[in-house]
Amino acid sequence: MSRYVFDFIDGNKDLKDLLGGKGANLAEMTRMGLPVPPGFTVTTDACREYLHTGRLPGGLLDEVEEHLRLVEARLGRRLGDPAEPLLLSVRSGGKFSMPGMMETILDIGLNDTTVRGLARRSGDDRFAWDSYRRLIQMFGRTVHGIPGDLFEAEFADGADPRELVETFKKIFAAYTGHDFPQSPHEQLYSAISAVFTSWNADRAVLYRRQEGIPQDLGTAVTVMAMVFGNHGDRSGTGVAFTRDPATGRRGAYGDYLPDAQGEDVVAGIRNTVGLDELARLDPASHVQLLAVMEKLERRYRDLCDIEFTIEDGKLWMLQTRVGKRTPAAAFVIAAQLVEEGTITLDEALRRVTGEQLAHLMFPVFDPVSAPEPVTTGVAASPGAAVGAIVFDSAAAVAAPGPVILVRHETNPDDLPGMIAAQGILTARGGKTSHAAVVARGMGKTCVCGADEAVVDAVAGTLTIGGTVLRAGDVISLDGTDGKVYAGAVPVRPSRVARFFEGELASADDPLVSAVRRLLGHAGEVARLEVHANADTAADAARARRFGATGVGLCRTEHMFLGARRELVERLILADTDQERTAALDALLPLQRDDFTALFAAMDGLPVTVRLIDPPLHEFLPPLEELTARVARAEALGEPAGDDARLLAAVRRMHEQNPMLGLRGVRLGLVVPGLFAMQVRAVAEAAAARVAAGGNPRPEIMVPLVGTIQELDLVRAEALRILSGIPLAPPIRIGTMIEVPRAALTAGEIARSADFFSFGTNDLTQMTWGFSRDDVEGAFFGRYLDLGVFTASPFETLDRTGVGQLVRIAVDRGRATRPDLTIGVCGEHGGDPASVRFFHEAGLDYVSCSPYRIPIARLEAARATL
Ligand code: ADP
Ligand code: MG
Ligand code: MG
């Protein structure tokens with residue numbers, strides 16, 4: 001009874017944990033009756049034990065010998081037999097595919113004697129000695145770590161392989177201090193240990209870290225009979241896909257190399273030919289190959305990739321697995337398989353992800369026309385952006401044409417410029433830097449941390465190596481791979497984005513119709529609704545086209561910017577009730593018109609309006625600027641007037657920690673008339689829509705509530721105002737849950753709230769006790785490296801901590817008021833992993849930026865499966 005070794009015939013595709021992907025799938029193909037050379041797999045258990053103890057588990061080699069005898073019996077050849085030698089490959093393969101990261105040794109079993117046997121049996125001297133040469137090289141490199149170039153330096157095409165064997169043996173002996181092992185069994189045992197050891201090769205460790213593959217799984221080792229593609233014209237080797245992995249197009253697709261062994265294809269030494277050429281060279285094998293691929297697709301119910309070898313006109317399968325594919329191919333193939341009756345629509349949804357859909361929505365560079373990049377940074381937010389360089393936010397806003405905002409790093413003051421720019425390039429900061437997070441939220445292209453770039457905003461230069469670029473020079477950013485180009489690389493909007501914008505019918509485009517089909521089904525299975533964070537009628541209209549069923553967050557502070565700043569200044573500087581009322585009266589009609597347009601765009605759907613949230617001094621000029629202005633006026637002997645009063649106000653309102661200061665509901669309770677004006681604007685806008693025959697469904701949301709007393713005060717005043725506007729429809733009043741105390745006292749707060757909406761950005765920063773604007777550049781990168789975070793908690797909701805507060809608030813809120821509507825607004829609402837959590841936590845909707853809506857819709861559906 002074997003403990004560590006499985007014959008191919010005893011395994012199957014579901015044993016990947018134990019046999020690795022390669023071993024499990026070779027077993028599956030063997031059971032399917034496909035032509036697989038006989039062999040067996042040593043389990044990952046054995047590898048883990050080996051890595052733990054430093055030696056092969058007791059009894060393992062006996063088991064290997066036992067299974068080897070079965071292989072020998074099946075083929076009628078023996079390992080080490082001088083006349084009819086069996087040769088073996090010893091291959092790595094863990095549960096998750098790690099292409100090329102670990103080791104494989106071919107042609108085990110050759111030595112000074114068997115090489116002659118192989119030559120006689122095959123009638124091909126050259127082939128036999130070349131195989132021996134390959135073995136010494138691979139074995140030397142893998143088992144003894146002999147640098148590859150020592151061998152490659154001696155290698156010359158057309159050299160006599162018999163002489164090369166002599167040379168390689170000398171290199172081997174010189175490097176290791178002993179001769180190349182002549183015992184085939186010893187070769188086999190060393191090869192197995194070496195493959196186990198390759199699990200911990202630097203590049204394998206790095207790859208796993210990058211891909212999130214656990215480091216403790218270990219690799220299996222597959223030992224199988226060699227077949228020879230390097231055995232003349234009627235032999236060859238190739239890789240193939242059952243469908244095109246780039247586009248998903250139906251039909252086999254592959255590369256074939258005549259008269260070659262497997263590793264030659266990957267090494268790219270010689271040019272491969274297509275499968276149609278194989279059809280010409282060896283029609284019988286080609287037909288058989290297609291038949292095998294069809295069987296594999298039917299078995300795996302998905303795109304498969306395979307490695308195959310043809311030896312003297314006989315086809316052998318050496319590997320298969322469910323193949324990697326581009327995001328576009330993922331959607332196309334999933335929809336095709338549904339159409340072909342292979343999988344259900346539910347299964348199709350499981351096979352695509354929100355991240356893939358996100359990629360499909362970003363504009364794309366036309367790949368043929370891209371020149372050499374000038375530098376490469378961190379691919380922070382995908383997309384392709386082209387524009388003239390600007391070095392500050394104001395210039396970005398003022399520029400007539402498309403611009404790229406180039407900053408050393410960004411901060412919240414750059415927001416208007418980031419909104420105005422096509423793309424953002426920074427020299428400092430990683431994937432969680434301010435620029436990266438904000439850009440992703442906005443669906444804006446961003447390359448950050450391009451550390452070869454020197455940004456001198458004062459001189460107006462961007463220097464990269466010897467290249468100096470100036471304001472107005474055009475650059476192109478590829479947020480998908482982090483590349484930065486000088487000049488304009490042509491872009492085009494993605495087809496999927498054009499479809500959501502309503503510009504593209506789906507029937508004629510396989511990708512678009514696949515996306516449409518899967519999202520249609522998503523709409524049927526999702527329980528979570530998806531609302532939009534939209535501040536303007538234009539945003540709301542786009543959100544609606546993208547499938548939003550409401551606005552979950554309208555940030556009213558955006559209505560206080562631009563020309564209206566002056567009114568806000570007047571409000572802040574008001575010394576008397578009269579002055580204050582005058583400023584508010586001037587703001588009222590402006591806000592009302594904004595809301596009227598917004599309600600029209602979302603007619604019939606809920607629109608959640610958040611009362612003003614940020615500290616008022618954010619609407620005033622920066623302290624330094626005011627100080628300079630006042631100083632200049634004084635120097636010239638001119639009156640500083642309003643500037644002096646503003647300066648005094650800014651000083652008075654200065655806060656050490658504005659995030660925890662006078663903002664949100666606190667502001668509403670301290671500045672008389674401010675919230676009242678906003679409530680009135682909402683109600684009057686709704687009344688106007690009703691009068692115009694519309695169906696407005698506004699809701700009023702109070703930010704930063706920590707206790708029911710705050711909410712009660714705002715609510716009482718709001719109800720008073722609403723009752724004075726008879727035409728206004730019923731308006732629900734609810735609260736954000738973003739202060740930890742609100743989550744803990746949600747049971748009380750629900751008595752006065754018609755709905756909750758989690759503000760997970762604030763809830764995250766207040767729960768962790770760090771401010772988003774300050775920490776991302778300061779230490780997040782380090783925390784990610786150290787593994788303190790696996791993802792930024794501002795990107796993916798921290799289930800363990802912040803998630804507990806969410807669950808507490810849901811439970812306590814619904815205990816008080818079972819019909820309480822609960823949603824979430826903030827960046828997490830469009831993050832796939834977080835959407836799943838919100839589904840599990842029983843929320844009613846998530847709200848996210850318009851471009852994330854299709855992604856959230858897809859993930860909301862996937863969360864139910
Ligand atoms: P990787 O996981 O890096 O792809 P593989 O174990 O698949 O490594 O092996 C590398 C190459 O060796 C492959 O191209 C494969 O086709 C070839 N190969 C492996 N085993 C055999 C065999 N038994 N006969 C012929 N070629 C083989
Ligand atoms: Mg392979
Ligand atoms: Mg907030």
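This is a predicted model: local features need pLDDT of at least 70, side-chain atom pairs count only at pLDDT 80 or more; totals for chains, interfaces and linings use all residues.

1. Residues are numbered from 1 along each chain as its sequence is written, while chains are lettered from A and ligands numbered from 1 in the order in which they are written.

2. Helix α3 covers residues 60–75; helices (H or I, at least four residues) and strands (E, at least two) are DSSP runs, numbered from the N terminus. At 1.5 Å a residue, its 16 residues should span 22 Å, and the 23 Å between its end C-alpha atoms agrees. The expected span is 1.5 Å times one less than the number of residues. After α3 comes G76, with a positive phi near 65°.

3. L60, V64, H67, L68 and V71 are the buried residues of α3. Viewed down the helix axis, the buried residues of α3 fall within an arc of 110° (taken from the directions from the axis to the C-beta atoms), so they line one face. On the other side, D62, R69 and A73 are exposed. A residue is buried if 20 or more other C-beta atoms, placed from the backbone, lie within 10 Å of its own, exposed if 12 or fewer, and partly exposed in between.

4. Around ligand 1 there are 17 residues, of which S89, R91, T104, G262 and E307 come nearest; a residue is near if its C-beta atom, placed from the backbone, lies within 6 Å. Domain 1 (5–225) and domain 2 (236–322) each contribute at least three residues to this shell, the bounds coming from an automatic or database domain assignment.
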